[in-house]
Amino acid sequence: MRIFSMTVLAFLGACWNSDLFAQANAVASNSLSKQLQRETATDLAKAARESGDPVQGAILFSQKKFNCVGCHAQNAANLLGSDLTQVGLDVPDEYFVESILLPSKVIKKGFETVTILDIDGRVLKGRIVDKNASQYVLRDTSPEQRLITVPRDSVEELKLDTKSSMPEALADQLANRKEFLDLIKYLMDIAASSTPNTSAQTVQSDRKLDPQVQGLALLQQHHCTNCHASDVASVSGSGSVEIPHGLKARSAPDLTLATSRIDPAYIQRFIADPQAVKPATNMPQMMDNLAPAERKTTAVAITHYLLSLNDQTFHREAVNAEAASRGERLFHSVGCVACHSPRNSDGIEEIPDDSVPLGNLSSKYNVSGLTGFLENPHAIRPSGRMPNLNLNHWEALDIASYLLHTVKPSDAGQHSAALVFDRSQAAIGKAKFRDLGCIQCHHMEESTTVPTAIKLSKLRPDQGCLSDATGVWPGYSLSATQRDAIQTAIGKLDDQLSTSQQITMTLQTLRCYACHERDGIGGISNERNPFFLTTNENLGPQGRIPPPLTKVGAKLKPKWMRQVLVSGRAIRPYMETRMPQYGTEHVAHLVDLFQQTDELPQVTMHKFDDPKEIRKVGTELVGSGGLNCIACHTFQQQPALTMPAVDLTDMADRLHKEWFFAYMRSPQAISPNTVMPSFWPGGKAIRKEILNGDTDQQISAVWEYLQDGRQARVPRGLRREPIELLADNDRAAMLRRSYQGIGKRGIGVGYPGGVNLAFDAEQLRIAMIWKGKFADPGGVWRSQGHGTVRPLGSNLIRFQTGPELDSSESPWVVDDGRPPQHRFTGYFLDEMDRPTFTYQLDEIKVQDFAHGVKGATPEATSLNRQLVFSSNRARNDLAFRIRTEGSVTKEAANRFRLGNSLSIEVDKDHQVNIVKDSAGSHLHIPLNLPSGKSELTLRYTW
Amino acid sequence: MMILRLANRLALSLAITCCVLPLWAETLGEYWDTGEEESKYYRIVEIPMPEGIAIEAGSFEVMPDNQLAIGTRRGDIFLVDGAFDKNPQPKYKRFAHGLDEVMGLSYQDGAFVVTQQTEVTRITDENKDGRADHFRTLSDVWGFRNYHEFAFGSKPDPAGNIWVALCLSKSYHSDVPFRGWCLKVTPDGKTLPVCSGIRSPCGIGPNEHGVMFYAESQGPWNGSCSLKVLEQGGFMGHPVSFKWYDLAKEMGEKPVEPNTRSRLLTERKRVKELVPYAVVFPYIKMGRSISGYMVDRTGGKFGPFENQMFITDFSLSVVMRATTEKVNGVWQGACYPFREGLATGLLTCQFTPQGDLIVGGTNRGWPVRGPREFAIQRLDWTGVVPFEIKRINARPDGFLLTFTKPVDPDIASDPATFSMQTFTHVYQQGYGSPEVDQTKPRVVKAQVSNDGLQVRLKVEGLVQGHVHEFDLEPMREPGGGKLVHENAYYTLNEIPNN
């Protein structure tokens with residue numbers, strides 16, 4: 001084995017190296033890395049120091065494709081890379097250049113990676129971030145950078161790598177030399193800010209939950225106070241139901257409609273033996289002291305009682321396979337699997353041990369029953385532990401369909417055993433329901449349930465439900481640890497919980513810890529990590545992992561926090577896992593608790609003399625000329641092009657200033673998952689020319705700016721995804737809006753085939769024509785719409801103002817108003833959505849239809865135009881005029897060149913004049929309109 | 001020449017600051033903080049939209065086949081199947097495109113009539129392929145030279161006329177004909193002037209008595225947002241539109257110019273055409289850009305507020321209620337908070353045949369509370385009656401308050417339960433106005449009706465022309481329940497003669 005292993009490792013090592021070698025060879029000789037390597041490190045370092053833009057560098061530093069932050073986060077000690085603020089002041093500038101261009105030349109001490117072959121034949125690669133006599137802790141080099149604990153005795157072979165784990169040709173990901181210099185300058189600024197690392201952390205092992213709190217959470221979860229009244233209620237002074245520590249008597253599921261959504265056969269089996277039917281259920285065995293046969297008859301009677309509570313009949317329903325398939329995706333992404341086990345393609349639970357059990361749902365629910373439950377779980381389970389995941393009806397239906405689509409053949413028989421309702425049985429069941437104590441937790445409308453059993457403080461920890469023995473008490477399947485915890489909690493009932501413990505208890509009771517880490521407890525486990533998804537990878541782990549709750553009370557303002565907890569306010573649309581809701585009565589108290597408990601050092605924001613002026617400076621800092629926050633952050637609900645980081649205009653409503661201040665100085669120290677770079681590394685500003693580079697003043701200015709909230713000024717550099725409005729293959733695109741050179745009554749048309757025009761419905765003329773793509777409507781579809789539609793494409797030709805059809809001798813003297821005798825009357829579309837514009841001059845009606853005709857070459861593509869005039873009397877006093885910039889020359893019999901590139905061919909029935917006047921020359925087509933219809937045909941090529 | 005240039009530059013810079021980069025003096029405004037409670041009575045139901053299409057609703061219509069029609073700011077008309085279903089999973093079909101800010105939409109006799117910025121258009125599908133093919137201009141007589149010259153069109157009145165409210169140029173000037181006027185477009189395309197003096201309208205439609213009103217925004221000559229009645233020959237308060245009386249001889253002589261830095265009540269006496277606002281929506285407290293509205297004709301399907309106006313707000317993403325009455329020949333009334341927490345800047349609303357209220361809009365262009373770029377949502381009554389001030393009516397010596405549920409007679413008969421204050425605004429050329437001339441009237445007697453649904457207040461210190469603000473914080477139901485909203489605002493243009 002050992003002999004083999006050496007060979008295997010050597011072989012693997014060779015593969016790995018040769019891979020890299022191949023990669024290096026693949027880098028083209030004109031790649032940016034190669035180009036940069038042709039310069040000396042000294043020259044590059046000098047250029048970076050002189051001309052690098054550290055802000056642009058900071059943004060590059062945070063980009064997903066480089067993932068610098070992933071390994072080099074500030075104040076983090078156990079990542080693959082070093083904390084760059086700790087590089088030191090005495091490092092020569094060339095060091096930064098070489099670190100990127102030749103990462104393996106010098107590997108920083110302590111940041112070498114190792115390759116481990118373990119006795120199971122696994123090859124692990126990573127940096128040893130912690131070790132002791134029995135184990136290594138490895139930060140692995142996989143994209144997820146997991147922390148892996150390797151027991152020393154499982155290590156078959158360990159080899160130090162000679163290559164740096166830093167990517168070789170990183171510079172090739174950059175656009176150009178300038179970006180390289182920007183990045184280097186940012187690294188220099190970080191290093192220059194070096195401060196002794198005071199917050200060096202060692203690998204954090206998960207803190208364990210305080211057994212007292214854990215015990216209280218269990219008391220809560222099992223509704224213990226429904227039977228065992230707390231006699232120390234006066235301590236909290238908050239009434240008889242509530243006992244200290246926020247422990248409340250809570251209701252188990254509402255059973256009024258249970259038999260309409262749950263198969264009565266299931267109910268009956270479940271009551272008879274809860275643990276057997278649904279292992280690990282919270283429901284205790286209430287009939288431990290009865291013989292099996294009696295348990296069964298009692299269960300039947302209670303089921304009849306439940307049947308008597310409503311007049312709906314349970315029907316099993318067909319499952320839609322498509323819904324089930326959508327449901328599978330939802331189940332594994334919206335957050336269900338934070339607590340329940342993910343399932344493989346066969347529907348088998350993959351992490352059954354550490355999950356809240358679902359039991360055999362297919363034998364329990366019908367589709368509508370489970371759907372209704374998922375839509376509004378608290379209507380049925382008021383305890384709040386099963387949260388509302390904000391599923392709409394259809395999403396709930398999809399998930400229900402998924403969960404019910406795997407009906408096991410072995411269960412199929414059990415479904416059919418329907419009960420025929422028996423009133424006398426129901427009466428017996430009702431009595432049993434009361435006598436057995438079911439009613440203590442499953443409150444019924446007419447019942448008044450008071451805790452009647454021994455008071456909580458008098459409980460003997462080794463007897464009754466807390467013991468292994470069976471008897472007249474409910475039987476719980478508690479582990480030894482759980483019993484210990486409950487006993488601890490009972491022993492300390494008189495102790496007031498600290499606010500921090502009260503928080504912990506709620507977080508534990510509601511399983512908030514399944515998603516959120518707080519003070520070293522909780523957070524998502526490695527095996528569930530892949531189910532936390534994002535729609536935008538650029539945001540890094542912060543884009544998909546629920547935020548840590550450490551210090552959250554010092555982060556979020558109470559009003560915002562309440563909206564998140566109670567009303568489900570969410571500002572991270574990219575995060576697929578949803579923040580569930582637990583009901584006001586279960587979470588609202590957290591707001592005050594968090595606010596009281598969590599503290600950050602008080603900060604005094606810099607006071608400025610001129611608040612208006614400082615907001616301007618803040619605007620500058622946020623904009624592209626400052627720190628370019630706008631490059632990544634959403635602004636006024638519109639996401640930035642790089643990533644949709646949290647909306648800048650929400651910050652003021654959300655954040656406490658202490659948290660903002662601390663976060664700005666060191667984002668990763670506060671939020672380890674963030675990709676946000678520090679713009680004040682080590683507390684030193686990288687933008688030195690604004691406010692004299694004073695860190696406090698700069699952060700305060702940004703803070704002041706953010707206080708304007710949704711009304712904050714638009715900073716420089718806000719970029720929007722361009723919009724393109726294009727014709728289809730067989731349909732024209734059209735938009736009535738403002739176009740340049742037209743009043744506001746423009747009508748743009750993009751014809752299939754790549755010819756476009758803009759018609760002026762006020763002055764009744766074609767105002768411009770162009771080829772290629774139709775238009776960018778951004779100017780009118782964004783903001784208030786104050787701009788114009790911008791023609792895309794090319795070969796734009798503009799025509800001069802004034803109606804084309806007018807009096808031959810005394811046309812309207814053109815200004816930018818409306819011609820008095822012309823009237824636009826609308827348009828109609830043909831089967832390709834191409835418009836025929838209609839308008840009138842006096843009593844003459846005009847139909848004006850244009851369309852693109854695709855030629856063999858783009859030059860040959862033309863615009864053909866047909867005008868139909870209808871007049872109720874003959875008119876010979878009118879003319880049709882076409883004016884562009886430049887001169888008009890005759891090219892052929894009825895073909896004329898206007899300006900440099902436009903050629904217009906007029907039908908043979910019309911005589912055409914070239915007229916020169918003070919405004920230049922134009923095409924003048926005298927019209928001799930008969931009574932009735934007549935036509936004019938024009939062909940534009942350009 | 002110098003002066004002219006300076007004036008031009010001023011106008012230009014004004015236009016830029018006001019339109020592109022609004023410089024708001026105060027914060028956007030807080031919610032009422034009643035959303036949690038409101039949600040027990042009115043659920044917000046999402047009407048999902050297809051991925052990748054921006055649907056910025058500017059107007060709605062219910063089609064005869066139970067489809068929802070949506071006219072959008074981007075110029076589309078969508079037909080939506082299933083928007084009224086309990087759990088909507090609607091299907092969208094584009095009926096028409098290429099229009100210019102569809103801010104009025106109605107469907108009658110097989111044709112849409114839309115009001116867009118440029119004109120009122122009759123739109124039909126004559127080859128019956130489900131897509132519009134004929135667009136006939138009914139009226140485009142007004143000038144249109146600036147993007148902010150929005151046009152809002154009503155649904156047809158009983159005579160089939162579309163009433164169009166025309167926003168001022170750049171919202172400050174009247175550079176081209178009829179900016180700042182309301183015009184009436186008849187079914188055969190005639191255009192008749194109704195009144196002048198509009199500033200920046202948003203919604204337009206009848207009040208609960210069938211009289212045509214519009215929603216006006218805070219700004220010059222408008223101390224706060226308000227609902228105003230569109231009286232034939234009337235003047236709505238902003239005199240910059242006087243220059244078009246020459247084009248509308250049937251309107252007679254132009255009115256006397258109002259004095260600035262005055263009060264509306266004072267100027268009403270000088271300017272006989274001046275129509276006072278009927279319902280003032282105090283700034284921030286009750287929205288800050290009121291928009292589309294509609295009267296609840298659901299016959300009780302939407303809860304206890306039948307025959308009241310429901311009005312949306314763009315900036316604060318809220319829905320409010322309003323009631324009006326004619327006192328001494330003058331329209332006036334009250335507004336009440338209703339529902340907050342909608343998802344976007346609301347521009348328009350529409351009752352469905354099922355009796356739910358669809359609201360929609362976009363956050364584009366101006367600051368908006370709601371978190372989404374555009375959205376369509378529906379308010380569904382849960383069937384639970386909220387405890388609310390249903391309506392306030394003026395009485396010669398006070399007010400009559402009607403509630404949705406019986407009040408606790410002891411609390412309600414205690415005058416101290418009713419705190420009141422009054423204020424008005426400066427009627428001036430400058431932008432908006434602070435609340436001024438505050439007074440504190442005294443409720444001297446509160447008499448509860450036998451059924452507990454009404455309280456008759458005798459008030460000392462009523463002030464004509466003032467908004468009377470009610471605060472009923474102590475009010476309770478007999479069971480101790482609190483009002484969902486404790487405030488209401490009555491605009492007392494006239495004190496009833498008897």
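Student: What do the buried residues of H3(A) pack against?
Tutor: They pack against helix H2 (32–37), helix H6 (94–101) and helix H7 (177–192) of chain A. Before we go on, this is a predicted model, where local features need pLDDT of at least 70, side-chain atom pairs count only at pLDDT 80 or more, and totals for chains, interfaces and linings use all residues. Residues are numbered from 1 along each chain as its sequence is written, and chains are lettered from A and ligands numbered from 1 in the order in which they are written.

Student: Which residues of helix H3 are buried?
Tutor: In H3 (residues 41–51) of chain A, the buried ones are Ala41(A), Leu44(A), Ala45(A) and Ala48(A). They span an arc of only 100° around the axis, which puts them on the same side of H3(A). A residue is buried if 20 or more other C-beta atoms lie within 10 Å of its own, exposed if 12 or fewer, and partly exposed in between, with C-beta atoms placed from the backbone. The arc is that of the directions from the helix axis to the C-beta atoms.

Student: And which are exposed on the other side of H3(A)?
Tutor: Thr42(A), Asp43(A), Glu50(A) and Ser51(A). Helices (H or I, at least four residues) and strands (E, at least two) are DSSP runs, numbered from the N terminus.

Student: New topic: how many residues of chain A are in contact with chain B?
Tutor: 33 residues of chain A are in contact with 39 residues of chain B. In contact means that the C-beta atoms, placed from the backbone, lie within 7 Å.

Student: Which element gives the most to that side of chain A?
Tutor: S16(A) does, with 6 residues. Strand S16(A) is also joined by 3 bridges to strand S9 (residues 134–139) of chain B, and the two run antiparallel. There, Phe828(A) stands opposite His134(B).

Student: What about the open sheet in chain A, what's the strand order?
Tutor: S8-S9-S10-S11-S14, 5 strands with antiparallel pairing. S8 and strand S14 (794–798) of chain A are at the edges with a single partner strand each, so one side of each is left without a neighbour in the sheet. Two strands pair if DSSP finds at least two bridges between them.

Student: How many bridges join S9 to S10 of chain A?
Tutor: 6 bridges join S9 (residues 746–751) to S10 (residues 755–760) of chain A. In S10(A), Asn756(A) is the bridge partner of Gly750(A).

Note on methods:
Contact = placed C-beta atoms within 7 Å.
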